[in-house]
Amino acid sequence: MSSNTKNYVRVAQLTDVQAAGYLVVHTQGQAIALFSEGDKIYAIDNRCPHMGFPLDRGTVKNCILTCHWHHARFDLNSGGTFDGWADDVRSFPVQLQAGEVWVDLTPPLDPLAHQRQRLQDGLEQSISLVIAKSVIALLSGKVKATEPFRIGLDFGVRYRQDGWGAGLTIHTCMMNLLPYLDVTDQPRALYQGLSAVARDCAGAPPRFTLQPLPNATPEFETLLGWFRQFIEVRDAEGAERCLVSALAAGANPTKIAQMLFAAATDHRYIDIGHALDFTNKALEALDATDWQDAALVLTSLVRGYASAERMEESNAWRYPIDLVAILETAFEALPEAIEAGREQRGSWLGREQLVPVLLGEDVQAIADSLLAALSSGCTEVELASTVAYAAALRLAHFQTNNDFRDWDTAHHSFTFANAVHQGLRRVTSTELLRGVFDAAVTVYLNRFLNVPPARLPEADQTVTEPEELLQQLPGLLDRQQQVNKAGKLVAQYLYSGGNP
Ligand code: FES
């Protein structure tokens, strides 16, 4: 080999390495640890891939190098680790020539392929550090954020028998947030979502999907009817086969969304709103991934529909007032109310009058007012938006001395109302419109969580540079019992003209 051999670089005298046992050399910005073992010389990156400890300070025994910080072990020859949380360390081919050590610095052929595999490893073993490092490396390598998102989505829907859960919901929320984040914060958001998916799937059995019905597929309307009927009797398997058959027959995203929203609202506020919230998030996840593997993703919802608690079975929805009966009567009047308002749609101005009713104590008046709004030309989306706003006000007026579980109650109501709103923006559906009424009933049921109502924060004074206020926010969020101060700061920011 000559000194101008393309990828090999002379790094040391063989006798120097042999005399010392190991040697660290620096070349082309790379710190390389050389180890003399038997009649061979091994070269590896001197930075431990786990957390950066210098590997020349490790111990070699029987050709296994042990890092002394967290005791990760590496095959000295290949760099492969025996401790997956640490990652393989890069090893360099070595040639000995005329008493000199030469090391091949040819870059790895496809470092991103390795990072994709590491992300998969991190998800499988639920190791947040591995997930974080792979996401950072992938985004630094100009991989689009949708790719790690898809890897997490695919993993989450395959490896959790119970199907879609909180982890995939967080994962999709984080994906939705990306356009609003600084580019340096985007890996953090993806990391949070991916880690939530990994935690949800840790120790869970995998999920297997069904095949579509063979031969001629029935009409979509038939499949839709069967789907709802099977959910009604809690038959997840039958319902899943209808869903995959509809997808295989080419039902478009609008029809599929209508199918899912109908089943998720055939009973009242099922699974305290989670089923509908998860449906909305699964559809958003598919929007982000061009509806690839839709059957795999959407079938993860079916078990949730079939097994969900139905509020018809709950005491609070039956006594002392039979809320379900009030809602069922209202649902019968829906087609007539929509028809009555058809000519005036888009001209409704009753939001300010409706909100106090929604926050009031008369549930019959709430149902009647919702119907009256539709009759007056309020659109489904406007009605859903108004109820979501009322649910948000319940949160804003929530007293911090309530029990923590009460907070869950109030935020379930809001996330459900928001999911109904987003769903109606996606598809027009009289079935889903029932969800607006369900959400309004949850706002009614939560009225005691605003007694007395927490005061909405106001800004004492405005400032000329609202952006500077935001620098105080992380410090407040990092400390307990700072809700009111944080709220006041945000109010001051907004009243000063800060960008929401
Ligand atoms: S830094 Fe080497 S094992 Fe942790």
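Buried means under 20% relative accessible area, exposed over 50%, and partly exposed in between, with a 1.4 Å probe and protein chains only.

**Ground rules.** I am working on a predicted model, where local features need pLDDT of at least 70, side-chain atom pairs count only at pLDDT 80 or more, and totals for chains, interfaces and linings use all residues. I number residues from 1 along each chain as its sequence is written, and side-chain values use heavy atoms, with hydrogens and water left out. My helices (H or I, at least four residues) and strands (E, at least two) are DSSP runs numbered from the N terminus.

I began with strand S4, residues 40–45, where five of the six residues are buried. For pairing I ask that DSSP find at least two bridges between two strands. Strand S3 (residues 30–37) runs antiparallel to S4, with six bridges between them. Two residues separate the strands in this hairpin, and Gly38 has a positive phi near 60° there. I then looked at the other partner: strand S8 (residues 91–92) is also antiparallel to S4, through two bridges. Which residues stand opposite Ala43? I found Leu34 opposite Ala43, and in S8 the bridge partner is Phe92.

**Thr81.** I found this residue in the loop between strand S7 (73–75) and S8. Thr81 is buried at 18% relative accessible area. I count a polar contact when N or O atoms lie within 3.5 Å; within protein, one must be able to donate a hydrogen and the other to accept it, and residues adjacent in sequence count only if both atoms are side-chain atoms. A polar atom of the Thr81 side chain sits 2.9 Å from the backbone oxygen of Arg73. For plain contacts I use heavy atoms within 4.5 Å. Leaving out residues up to four places away in sequence, Thr81 touches Arg73, Phe74, Ala86, Asp87 and Asp88.

**Helix H4.** I checked its length first. With 13 residues (146–158) at 1.5 Å a residue, H4 should span 18 Å, and its end C-alpha atoms are 18 Å apart, which agrees. The expected span is 1.5 Å times one less than the number of residues. Which residues of H4 are buried? I list Pro148, Phe149, Ile151, Gly152, Leu153, Phe155, Gly156 and Val157. Their cover includes helix H2 (111–125), helix H3 (128–140), helix H5 (166–177), helix H6 (186–201), helix H10 (274–288) and helix H11 (294–298).

**Nonpolar core.** I define a core as buried Ala, Val, Leu, Ile, Met, Phe, Trp, Tyr and Cys residues joined through side-chain atoms within 4.5 Å. The largest one has 104 residues, and Trp164, Phe227, Ile256, Leu298, Tyr305, Leu383 and Phe437 touch the most other members. I followed up Leu298, which touches Leu243, Leu247, Ile256, Leu260, Ala282, Leu283, Leu286 and Trp291, not counting residues up to four places away in sequence.

**Aromatic pairs.** I pair rings of Phe, Tyr and Trp (its six-membered ring) if their centres lie within 6.5 Å; planes under 30 degrees apart are stacked, over 60 edge-to-face, and the rest tilted. How many aromatic pairs does this rule give? I get eight. Phe53 and Trp69 have ring centres 6.0 Å apart and planes at 50°, so I log the pair as tilted. This pair links distant parts of the chain, 16 residues apart: Phe53 is in the loop between S4 and strand S5 (59–61), and Trp69 is in the loop between strand S6 (64–66) and S7. Phe53 is buried at 19% relative accessible area, whereas Trp69 is partly exposed at 44%. I also noted Phe155 and Tyr159, a tilted pair with 4.8 Å between centres and 40° between planes. Phe155 is buried at 5% relative accessibility, while Tyr159 is partly exposed at 35%.

Tyr269 has a positive phi of about 40° without being a glycine. I place Tyr269 in the loop between helix H9 (253–265) and H10. Is Tyr269 buried or exposed? Tyr269 is buried, at 6% relative accessible area. Tyr269 also forms one aromatic cluster with Trp317 and Phe416. Asp290, another non-glycine with positive phi, is near 55°; I find Asp290 in the loop between H10 and H11, exposed at 64% relative accessible area.

I logged a cis peptide bond from Tyr319 to Pro320, with omega near 0°. Pro320 lies in the loop between helix H12 (302–307) and helix H13 (323–341). Val451 and Pro452 are also joined by a cis peptide bond, with omega about -10°, and Pro452 is in the loop between helix H18 (430–445) and helix H19 (466–469).
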